[in-house]
Amino acid sequence: MLRSRLATIDDLPQLRAIMALAIDTLQDDFLDPAQVRASHAVMGLDTQLIDDGTYFVIKEDEIVGCGGWGRRRTLYGGDHSAALRSNDLLDPSSEPARIRAMYTHPDHVRRGIGRMVLALSEGAAAREGFTRCELMSTLAGEPLYAACGYKRVVEENASIDGVIVPLVLMEKDIADDG
């Protein structure tokens, strides 16, 4: 049975291992090997999400997935991608919350983990007054987000040492369920 809880700093070794495995494995049908390698530069965990109490882990006997949301301006990127990060707070009355850093262990895909993280994140953001969420999706993640009501806004490309990694900005209106 899947259970959720907020992530802690003690979870970092497991979270980073799941992220690396997910990046290296789940994008193979969408990106070439150079793009998969380059993805590590723009993906990963921003530990500010753990500090803010907005990052979840999904567990069975061990962590099988993770993800969360942000009330800060940063849309995507991990601790190592400082150029993408901003600690400025968003205005819930006029700006969307950010869905961030969603990963599922490759051995546990298609079991509802991503949907669970989205529901937890959207619910928490709505309780803080946000009426919309947005995210920067990989091509591998886009089908899940579209199935959960996210609409494509614009395609963007990240360029990492001359390697282009395609990304998709998506958004969704949310309502306060709490």
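This is a predicted model: local features need pLDDT of at least 70, side-chain atom pairs count only at pLDDT 80 or more; totals for chains, interfaces and linings use all residues.
Local features are given only where pLDDT is at least 70, and side-chain atom pairs count only at pLDDT 80 or more, while totals for chains, interfaces and linings use all residues. Residues are numbered from 1 along each chain as its sequence is written, and side-chain values use heavy atoms, with hydrogens and water left out.

Let's start with helix H4, residues 113-127. Helices here are DSSP runs of H or I with at least four residues, strands are E runs of at least two, and both are numbered from the N terminus.

Which residues of H4 are buried? They are Ile-113, Gly-114, Val-117, Leu-118, Ser-121, Glu-122, Gly-123, Ala-124, Ala-125 and Ala-126. Buried means under 20% relative accessible area, exposed over 50% and partly exposed in between, using a 1.4 Å probe and protein chains only. The buried residues of H4 pack against several elements, including strand E3 (63-70), strand E5 (132-138) and helix H5 (142-147); contact means heavy atoms within 4.5 Å. Just after H4, Gly-129 takes a positive phi of about 100°.

Now follow E3, where eight of its eight residues are buried. E3 runs antiparallel to E2, with five bridges joining them, and a hairpin of three residues connects E2 to E3. Two strands pair if DSSP finds at least two bridges between them. Tyr-55 has Gly-68 in E3 as its bridge partner. E3 and E4 also run antiparallel and are joined by five bridges; here Gly-65 has Thr-104 in E4 as its bridge partner.

On to the aromatics. Rings of Phe, Tyr and Trp (its six-membered ring) pair if their centres lie within 6.5 Å; planes under 30 degrees apart count as stacked, over 60 as edge-to-face and the rest as tilted. That rule gives two aromatic pairs. Trp-69 and Phe-130 sit edge-to-face, 5.9 Å centre to centre with 75° between the planes. This pair links distant parts of the chain, since Trp-69 is in strand E3 and Phe-130 is in the loop between H4 and E5, 61 residues apart. Trp-69 counts as buried because its relative accessibility is 2%, and Phe-130 is buried at 3%. Tyr-145 and Tyr-150 also form an edge-to-face pair, 6.1 Å centre to centre with 70° between the planes. Tyr-145 is buried, with a relative accessible area of 9%, and Tyr-150 is buried at 2%.

Key:
The expected span of a helix is 1.5 Å times one less than its number of residues.
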